[in-house]
Each structure stands twice: as C-alpha cells, then as structure tokens.
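Subject: A structure for you to explore

Hello,

Here is the structure I promised to pass on to you. Please open it and keep it beside this email while you read my notes.

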Amino acid sequence: MGRITAGFRLTLVAGLLGLLAACSNIDRTHGYVPTDDVLNQVIVGVDTRETVAEVVGRPSASGILDVGGWYYVKSKFRAYGFREQREIAREVVAISFDGAGVVENVERFGIDEGRNITISRRVTDSNIKGISFLRQLFGSFGNFTADQLLGQ
C-alpha cells in the first residue's frame, strides 16, 4: 500500500513541470521601430517622404496619423502565467516633415516609469509637431491590451 508506482510518479512529475511552465512569464513584441543604423541614413533637411519610405518603410498608421509626421510604434507585453498580459515597454520613433514633405525632425521616445523620455533627437526646428499625439500615445501606456489594439 505504501508503494508508489512508476506511472504515478511520472504523472506527478509531468504535472509539476506543467505547473512550473504555467508560472513563467511570456513576452510578446508588437509593432516596428527602425534601428539607429537605419535612422542614421535619414538626413534631416534633405530626405523626403519618398526617400524615407525607401530607407525606413512606411508606418502602418500613416494614413490615420499623417499630421505632418510618421510614427513608428513598438510595444512589449508580458503575461505571467494565467494572468492577463500587460504592457511593460513602449518605444516611438517620430519623423516629421515640413510643408514640402522634407524631413524636419527625427526623434526616438521611450517610457521610463510612465513618463515620456527622449532617447535621441535630430531636429532643424525646436517646435515638435504632433507632441499632443505622443502625449496621448504614452498616456495610454498600460491601459489597453493587444486584443483591444487589434480590434479582436
């Protein structure tokens, strides 16, 4: 009666390993942000929307957000075990254009404890166009899930 069979032990070990695997965190990344090497190919005051599209690519949201600039957004989400995933990082690259379609600013923003931080900036003008969009974008940090973003 006090003897445990090999099959029971195997089932017990498999169950424990399954529980441990369920407790590990899963990271997922959504979106695209160009690397610094790619952005260094964009010359402020020289390149146009067309040349930026060739070098960097067009952002998926340009039709909606084309108010003088293009925004590339990448978010990182983490799910712990069975809990709902939450956004843990967001990065935005903003490329703004003047009225003639020439690159005016190239900026990279990130999140640090829920606050916007400028990681890098190459500008010809101190006025940052579209900053209210960036405030809205970072203001929603952690307030929505990828399912809501994708409309599922």
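**A buried arginine and its partner**

Let me start with Arg 78: its relative accessibility is 19%, so it counts as buried, the limit being under 20%. Please keep in mind that this is a predicted model.

Which residue forms a salt bridge with Arg 78? The partner is Asp 27, and the closest N and O atoms of the two are 2.6 Å apart. This pair links distant parts of the chain, with Asp 27 in strand 1 and Arg 78 in strand 2, 51 residues apart.

Asp 27 also forms a salt bridge with Lys 76, where the closest N and O atoms are 3.7 Å apart. Since Asp 27 lies in strand 1 and Lys 76 in strand 2, this pair ties together parts that are 49 residues apart in sequence. Asp 27 is partly exposed, with a relative accessible area of 35%, and Lys 76 is partly exposed too, at 31%.

Now look at Arg 108, which forms a salt bridge with Glu 91, the closest N and O atoms being 2.4 Å apart. Here Arg 108 sits in strand 4 and Glu 91 in strand 3, 17 residues apart, so this pair also links distant parts of the chain. Arg 108 is buried, with a relative accessible area of 6%. A search of the whole structure finds five salt bridges.

**The chain and its strands**

Stepping back, the protein chain has six helices and five strands. Along the sequence they follow the pattern α-β-α-α-α-β-β-β-β-α-α. Of the 152 residues, 35% count as buried.

Strand 1 (residues 25-31) pairs with strand 2 (residues 69-80) in the antiparallel sense, over seven bridges. To see one of them, find His 30, whose bridge partner in strand 2 is Ser 75. Strand 2 also pairs with strand 3 (residues 86-97), again in the antiparallel sense, over 10 bridges.

Strands 2 and 3 form a hairpin with five residues between them, and Gly 81 in the turn has a positive phi of about 55°. Arg 83 is in the loop between these two strands, and at 59% relative accessibility it counts as exposed. The C-alpha atoms of Arg 83 and Asn 25 are separated by 9.6 Å, although the two residues are 58 apart along the chain.

**Inside and outside**

Which residues have the most contacts inside the largest nonpolar core? They are Val 52, Tyr 72, Ile 95, Val 103 and Val 106, in a core of 14 residues. Helix 3 (49-55), strand 2, strand 3 and strand 4 (103-112) each supply at least two residues of this core. Its largest share, three residues, comes from strand 3. Leaving aside neighbours within four places in sequence, Ile 95 is in contact with several residues, including Leu 39, Val 52, Trp 70 and Tyr 72.

On the surface, Ile 4, Phe 8, Leu 12 and Leu 16 form a nonpolar patch with about 390 Å² of accessible area together. Ile 4 belongs to the segment before helix 1 (6-23) and is partly exposed, with a relative accessible area of 45%.

Enjoy exploring, and send me your questions.

Best wishes

Conventions. Residues numbered from 1 in each chain as written. Predicted model: local features only at pLDDT ≥ 70, side-chain atom pairs only at ≥ 80, totals over all residues. Heavy atoms only, no water. Pairing = 2+ DSSP bridges. Helix = DSSP H or I, 4+ residues; strand = E, 2+ residues; numbered from the N terminus. Core = buried A, V, L, I, M, F, W, Y, C linked by side-chain atoms within 4.5 Å. Buried < 20%, exposed > 50% of the residue type's maximum accessible area, 1.4 Å probe, protein only. Contact = heavy atoms within 4.5 Å. Patch = residues over 30% accessible without salt bridge, like charges linked within 9 Å, V, L, I, M, F, W, Y side chains within 5 Å. Areas by Shrake-Rupley, 256 points an atom, 1.4 Å probe, with all protein chains shown as cover. Salt bridge = Lys/Arg side-chain N within 4 Å of Asp/Glu carboxyl O.
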